[in-house]
Amino acid sequence: MIKINFPFLLFISFILILSACQKDVEDPLNYKLNSFSYVDQNEQRYGLNELKGKVWIADFIFTSCETICPPMTANMSKLQQEIKKKGIKNVEFVSFSVDPENDKPDVLKTYINKFNADSSQWHLLTGYTQKEIESFAMNNFKIIVQKPKSSDQVIHGTKFFLVDDKGTVKQEYEGVKQVPFEQIINDIKIVQDNAK
C-alpha cells in the first residue's frame, strides 16, 4: 500500500499555485544577455555585474545624432522622472553609445547634462570598438547598429528595453514617439515584484 504524505502534497500544491499566480510582462522577449563591462561617463567600469539584482532600462544612442537620439534621450529622462514621482526605487538606466570612436566619457557627460537627468542612476557606456557594439546590439538586443563609411551618422534601433534583475531582456518599447510611459512603469513593477 502506498503511503501518502499529505503535508508534502499540500506544500507542493501551494508552490504550484504560487508559481501559476506569478505575473509576467505581456509577450516577454526573454533575451538572455551576455556579460559585458564597459566605461561610463564618469570613466568607471560598468556592466552586467554592477546591474545584477537591479531592474534597468536600456537604449542605444550617440551624441552627434541629428535626428532621433535627442528625443529618445529626452523621453528616457522623462521616464526617469515619472518613475521617481511614483516612488519606484532601484531602477537603473543604461545608454550604449553606437559611436564609441567619438563618444568618449567626457563627451557623454556633457551630453547627458543637457537633459535634466539623474546621472547617478544613468550610465552612458562606451569603451568598445564600432564592430563590438554592432555585434553586441545584434546578439543581445536583436537590433541593428551600423555606421556607414559615407556618413558620420549611425543607423540604429530606437527602442527602449526593459531588463530584469537577472540580465534578461523582458520587453521593448517605442522610444521616439508615443512612448508608452504607463506601460513601461507597470512592467517595471511586475518585473520588480517577480524579483522579490
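**Entry 1: strand 5.** I began with strand 5, residues 91-97, and found it mostly covered, with seven of its seven residues buried. For me, buried means under 20% relative accessible area, exposed means over 50%, and partly exposed is in between (1.4 Å probe, protein chains only). Strands (E, at least two residues) and helices (H or I, at least four) are DSSP runs, numbered from the N terminus.

A note on what I am reading: this is a predicted model, where local features need pLDDT of at least 70 and side-chain atom pairs count only at pLDDT 80 or more, while totals for chains, interfaces and linings use all residues. Residues are numbered from 1 along each chain as its sequence is written, and side-chain values use heavy atoms, leaving out hydrogens and water.

**Entry 2: two faces.** In a regular strand the side chains alternate between the two faces of the sheet. I checked both faces of strand 5: Val91, Phe93, Ser95 and Ser97 lie on one side, Glu92, Val94 and Phe96 on the other, and all are buried.

**Entry 3: neighbours.** Which strands pair with strand 5? I count two strands as paired if DSSP finds at least two bridges between them. Strand 4 (residues 55-61) pairs with strand 5 in the parallel sense over seven bridges, and Trp56 stands opposite Glu92. Between these two strands the chain passes through helix 3 (residues 69-85), and this β-α-β crossover is right-handed. That term means that, with the strands pointing away from the viewer, the path from the first strand over the helix to the second runs clockwise.

Strand 6 (residues 122-125) is also parallel to strand 5, over four bridges, with Trp122 as the bridge partner of Phe93. Here the chain crosses from strand 5 through helix 4 (residues 105-112) to strand 6, again as a right-handed β-α-β crossover.

Entry 4: I then stepped back: six strands form an open sheet in the order 1-10-9-4-5-6, with mixed pairing. Strand 1 (31-32) and strand 6 stand at the edges with a single partner strand each, so one side of each has no neighbour in the sheet. Strand 1 pairs with strand 10 (residues 168-174) in the antiparallel sense over two bridges, and Lys32 stands opposite Thr168.

**Entry 5: cysteines.** How many disulfides does the structure hold? I found zero, taking a disulfide as a pair of cysteine sulfur atoms within 2.5 Å. Cys65 is buried at 9% relative accessible area, and Cys69 is buried at 0%.
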